[in-house]
Amino acid sequence: MRVSFTVNGRDESVDDVWAGESLLYVLRERVGLPGSKNACEQGECGSCTVYLDGTPVCSCLVAAGQAEGRQVRTVEGLADGDRLDPVQEAFVECGAVQCGFCTPGLIVQAHDLIERVPDPSDAEIREALAGNLCRCTGYEKILDAVRLAASRKAVTP
Amino acid sequence: MTLPLRAPHDIAAPGIGGVGESTLRPDGTLKVKGEFAYASDLWAEGMLWGATLRSPHPRARIVSIDTAPALAHPGVRAVLTHEDVPGRKHYGLDLTWDQPVLAIGEVRHQGEAIALVAADHPETARRALDKIAIEWEILEPLTDARRAAFDPSYPQVQDRPNPARHQPVRVGDVEAVRAGAEVVVTGTYEVGIQDQAFLGPESGLAVPAEDGGIELYVATQWMHNDLKQIGPCLGLPEERIRMTLSGVGGAFGGREDLSMQIHAAMLALHTGAPVKMMYNRHESFFGHVHRHPAQMRYEYGASRDGKILYADVEIVLDGGAYTSATLNVVGNAASLGVGPYEIPNVKIDAYGVYTNNPPCGAMRGFGAVQACFAYESMMDKLGDACGIDPVTIRRTNAASQGSALATGQIIHAPLPMKDMLAQARDLPMPAPLDSSDIRNLPGGASQTTHGEGVRRGVGYGVGLKNICFSEGYDDYSTARVRLEVIGGVATALVHTAAAEVGQGLVTIEAQIARTELGIENVVIHPADNQVGSAGSSSASRQSYMTGGSVQAACWAVRDRLFTLVDGLYDDLSLAGGKIISASRGVIASIEDVLGDRVIEETREYHHHPTTGMDPVTGQGDTHTQVALCVHRAVVDVDVELGLVKVVELAAVQDVGKILNRLSLEGQIHGGTAQGLGLAVMEEIVVSDGKVRNPSFTDYLIPTILDMPPMRLEILENADPRAPYGLRGAGEPPTLSSTPAIVAAIRDATGLALHRVPVRPEHITG
């Protein structure tokens, strides 16, 4: 089948999609956007998180056909050229990235949190990121990064 | 050959930051933008997808295999079995050669690879797997590790007899002093099977080369060890196998053994097309070895004032069907079986056995984790029996620099364990439980309690880990450093085969080059096998070993640069891009002296040699270095429901020298988190040799809600033998956090708790 959707502001139309393919597979293998990651492919780890019409979803749980006519924004669509989004910048600066496989999903999820809650408490950060598994960091530096990103977004709207 | 898309490339590490500074990762920006090329992101024109048929049975004979229906499936390009393995039919970590590339006539564990398919779509490949018809003769699995260790009539799992290794350790005379002990405590302890659960599943791409060889892009921990197994199995000389490390999504020991490397290469050589293989999470649970489960029996005798007189220890480690790292895991469990304590009479017997349970091998902590849970539990038990608090009982028996380990090896470097324990004890305590916010309580937003039935507990754990390979192994590392002027700026290219697995080695390599060459611009070459071995990214050894080789190569480059300086000096150094004489000041800029010349040097770094363990007494100078971490855990336990919330984990660790505090803290945090997982949630549940929970739905790893704030105190007591005085740091916290948390749960509940992970039913009874 053919699936057409907008990804990171660009119109994409993909042919020969098998009906069982997920949005994650289409993004990674057919559209050339492998930034969203394939750690569990069953909605447990959050590493494939993307915005679908502005709402964060696990793209591994979205059938490709469900994206028809909709807006997708992936981790590749957050930076403005070479200028990183404050969440991306904070993850690098705070040491929140080790192997980095969970990072794209965490960044999209944290980006959404700060859009919704400009000055999140630690409890709110933990709740928002509870669906994103990280095996390297123990999450301490991820908390640092989200706090830093929130404080920077607060001063530069 | 054209490179596949998303192949690894040079990573520029410009800017400032030498040894000791919290330099940011050079690959960080790529990773946050989603542009870092992981092994699962590889893509090549015309590539096929490989898939693996795995055994549903832990022990069975294969009466027949019919691959014809699978081969006839539209879109399928190849179906291969053991008959298609071009060379040696077996491989094995550490060259043990006992694991079939594809099963030959029988399977010995659930998930054992039997056949391979290459097809034009991953789903086509998976469907073709279903069409491979196998006639089975199912056998009763051999799953009793203790019988495997001690019952000579128990059937053999494979050609090699049980136990795979028995390592005794004997110091003094336990039998002679046993009767004289005023206090005797005993304990039986168990550790469940833990999974590395790295997030990036096993993946890679094999591309056939024009010379009949193969290009392999894989995520691994030690390319040169892979190569020694891949070459013979493919029947190819090593020079026709070109390996490049692709982005590694975590490792933790789980990528020491081969997974898809030979399989993808076989399919690519057979079809003449690039072949990508990418496991899903379910397959990943069967695609790598796990942490050995352990059954341990301990008896300590002591004087009434808590001084240990003897230790009598038996450790049984279940390695599953194939050897993998079992021999060395047994060595660690034996040599570190009583940890960092001075005990005059020791009798340890550690065993590693073959069974039809899931195969086990390397995981962060490697044999030392299991023993640590037992010996730290024993320290608390002994303290209770003597009426001595947990910190004092440990300090009473603590080893220090100059003490002998159970192997007789003298600890050559500082080991300020007594001070570290006091420091951990004296750190401020977290605030008392605030039950006004339900999220602070065990069970959290599930609203299982409003504070009733919740008890707080505090516990301590100390872990001693060997750093680098032990028992006489020369796990050297090689580095090549090239200095030249690029765009008017002196630039160093650092080339090693060392695997960056997330730990931050590429950051450290660049920092060392900046410090030793006095320049800012460093570029990290992708790790590949076009340079000598760097050894494994395991045993907390890469800062030490590849740090050492990069330093040595930089020194060699520096010495050649000095020969280009006009005039005679014996007091030159490099700093700020300049060549400086101690007596005469700045001589020239590096760029001016170097001109258009290129200086390239390759150096190996070898650590202080070690010896094997005596087969009867276990004695020997077996370890390169030992490193210590002390944890204090504070927990709240809902004693009615058995739910645990870890409130805080405080660690005191001696790292010798901090190369990069930001990166180091991340290692201690992450190691601590994996120890928490083992303490309260992580276990591969097995019955009758079958894994019951191969998914992230059922195998739980800590989330951000499970991890408490972590307080760190990092000490720098240098090891004079190590580069910069450093100690390996990644593993020790994984040892000590588990027993500290369990001790805290015991403190809260008064329960004995002899098994990890601690489950709610262990608390509620």
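This is a predicted model: local features need pLDDT of at least 70, side-chain atom pairs count only at pLDDT 80 or more; totals for chains, interfaces and linings use all residues.
How many residues does the contact take from chain B and from chain A? I counted 49 residues from chain B and 45 residues from chain A, where contact means C-beta atoms, placed from the backbone, within 7 Å.

Residues are numbered from 1 along each chain as its sequence is written, with chains lettered from A and ligands numbered from 1 in the order in which they are written.

Chain B side. Helix 16 of chain B gives the most to the side touching chain A, with eight residues; helices here are DSSP runs (H or I, at least four residues), and strands are E runs of at least two, numbered from the N terminus.

Next, chain A on its own. I found domain 1 (3–77) and domain 2 (86–155), with bounds from an automatic or database domain assignment. Their centres, over C-alpha atoms, are 21 Å apart. I see 13 residues of domain 1 in contact with 11 residues of domain 2. Strand 3 (residues 49–52) of chain A supplies three residues, the largest share of the domain 1 side.

Last, I looked at a helix pair. The axes (lines fitted to C-alpha atoms over the stretch in contact) of helix 2 (residues 86–93) and helix 5 (residues 140–155) of chain A come within 8 Å and cross at roughly 140 degrees, on a scale from 0 to 180 degrees between N-to-C directions.

Key. Two residues are in contact if their C-beta atoms, placed from the backbone, lie within 7 Å.
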